[in-house]
Amino acid sequence: MNQPFEQELQSSWQERQEYAEMMLPIIGKLYRNKSIEISVYGRTLLNASAIDVIKAHRKVRLHEGIKLRLRESYPILEAINSMQLAPAQIDIGKLAFDFHYGSAVDKTDLNAYLKDKLADVVDKSDDHEPQDVVLYGFGRIGRLLARLMIERQGQNNKLRLRAIVVRGGRDGDLEKRASLLRRDSVHGPFNGSITIDHERNALKANGSYIQVIYANSPDEIDYTAYGINNALVIDNTGIWRDRDGLGLHLKAKGTSKALLTAPGKGDIKNIVYGVNNSDITESDTIVSAASCTTNAITPVLKALDEEYGIVNGHVETVHSYTNDQNLIDNYHKGERRGRSAPLNMVITETGAAKAVAKAYPKLAGKLTGNAIRVPTPNVSMAILNLNLDKTTDKVAVNEFLRDTALFSSLQHQIDYTASTEVVSTDMVGTRAASVIDSQATIVADNRLTLYVWYDNEFGYSCQVMRVAMDMAGITVPTLPA
């Protein structure tokens, strides 16, 4: 390799690093002060590193065929920072690409362009009051929800984590809770600082003050004694799944609504964000965020049904083992689940195929489902075997799903990969509910087999957060539309 080429390569990389480093403080201030979350082609830059910013820009070439330079998106970010905007999720990658390469764009007036594209939030105030949130239960999902709320800590944060409720209270309990939040074998270390307030029985994390409350029943707690009012309680225990049980949360002083992180029973609305979240009304006090698998497959099935029509199909999930299973062979009330989870593939049932119809009724009676639990701690896969109304081919299906992931109303629910090397651990920390593995797609006339990855912990937790925002009446548009 000749020296001029090496110097050019190094100079180009240094330029990208410098632009990325200039972007980071602006991205942080936009979120903390204005609740503006910045992304590049769907990839959030909230709490990103300089390398994350560079990698997000590289992703643009995969979708558009040409690169997007950081020096092209940086002026977009600077201009947004100077504008008066209401809370929004703004994709500077799409804005920059359209401004520089779009066919119908006046490239001489960036401010006029942005005022047009961001018209929904330009010169509008944010008068929504923050929502107090309580996490009832602090297991796998509870701790990830805590991380998601803490990472958004700032003066303009709308979902404020005020307390966690757990059983126990023995000596050393606070230290254990803090340690489990600080360190995670799957999702890595907590991004920040956590300290313990023994005097007040609380945790302090990145400026968030989180009361720890010990209780055996939801209705015995007086949240107002801790300055918590009209709280949204997110129940992560799965102990209560019907209206009577979850109604115990509403009997506690200082609460107003309850959100279940498991499939609800009876007449409780099972919400898959992006599919039927419009069913949430102001009067709904108890809502379910359905299951991780239902959240992973329903947006994909809805998109496919609207484009091609689904006659019928079968959903097979290859699911990581969970706390419900045994580490070694022991008694379990469920069939086969008593066998050692780390040592076996375990066939079990899943209600996800039937649950799809609760969020998307058009597929009622059209799907069957089953599950295999496998010896991995996180990330699962759904294999969708579908008979379609229309004949198609692999290229057309993949192009449709790629565009859906980038430009549709389901862009936060569906992601897409064209990698030939991707495996399950690559999906840890995915914020979308599902990721289409396009290289594995099989199409024969009207028969489609689709492989869909999902982080059954983190991706699902992101969906729960979106439902919580809706229940709190917090509407944040994604722009450009």
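How many bridges join strand 14 (residues 346–348) to strand 15, and do the two run parallel or antiparallel? In this predicted model, three bridges join strand 14 to strand 15, and the two strands run antiparallel. Within this pairing, threonine 348 has alanine 371 of strand 15 as its bridge partner. Strand 15, which covers residues 367–374, is also joined to strand 13 (residues 310–320), here by eight bridges and in the parallel sense. For serine 320, the bridge partner in strand 15 is valine 374.

Four strands form an open sheet, in which the order is 2-1-3-21 and the pairing is mixed. The edges of this sheet are strand 2 (43–44) and strand 21 (478–479), each of which pairs on one side only. Strand 1, spanning residues 36–40, and strand 3, spanning residues 88–91, pair in the parallel sense through four bridges, and isoleucine 38 has isoleucine 90 of strand 3 as its bridge partner. Helix 4, formed by residues 92–101, packs on the sheet and touches both strand 1 and strand 3, while the direction of helix 4 makes about 45° with that of strand 3.

Attention then turns to a single side chain. Histidine 63 is located in helix 2, which comprises residues 50–64. With a relative accessible area of 15%, histidine 63 counts as buried, because that term applies to values under 20%. When neighbours within four places in sequence are left aside, the residues in contact with histidine 63 are Tyr41, Arg402 and Leu406.

The packing of two helices was also described. The axes of helix 6 (residues 140–150) and helix 7 (residues 173–182) come within 10 Å of each other and cross at roughly 70°, so that helix 6 is roughly perpendicular to helix 7. The contact is made on the side of helix 6 by Arg143, Ala146, Arg147 and Ile150, and on the side of helix 7 by Leu180, Leu181 and Arg182. As to its handedness, the crossing of helix 6 and helix 7 is right-handed.

Finally, an annotation from a record may be set beside the model. An unreviewed UniProt entry places the feature "domain: Glyceraldehyde 3-phosphate dehydrogenase NAD(P) binding" at residues 131–292. In the model, the span of residues 131–292 is 19% helix and 28% strand, and the C-alpha atoms at its ends lie 24 Å apart.

Methods. Residues are numbered from 1 along each chain as its sequence is written. This is a predicted model: local features need pLDDT of at least 70, side-chain atom pairs count only at pLDDT 80 or more; totals for chains, interfaces and linings use all residues. Side-chain values use heavy atoms; hydrogens and water are left out. UniProt positions are given in the numbering used here, feature names are shortened, and annotations may be inferred rather than shown by experiment. Two strands pair if DSSP finds at least two bridges between them. Contact means heavy atoms within 4.5 Å. Axes are lines fitted to C-alpha atoms, for helices over the stretch in contact, and angles run from 0 to 180 degrees between N-to-C directions. Buried means under 20% relative accessible area, exposed over 50%, partly exposed in between (1.4 Å probe, protein chains only). Angles under 35 degrees count as roughly parallel, over 145 as roughly antiparallel, 65 to 115 as roughly perpendicular and the rest as oblique. A crossing is left-handed if the near helix is turned anticlockwise from the far one by less than a right angle, and right-handed if clockwise.
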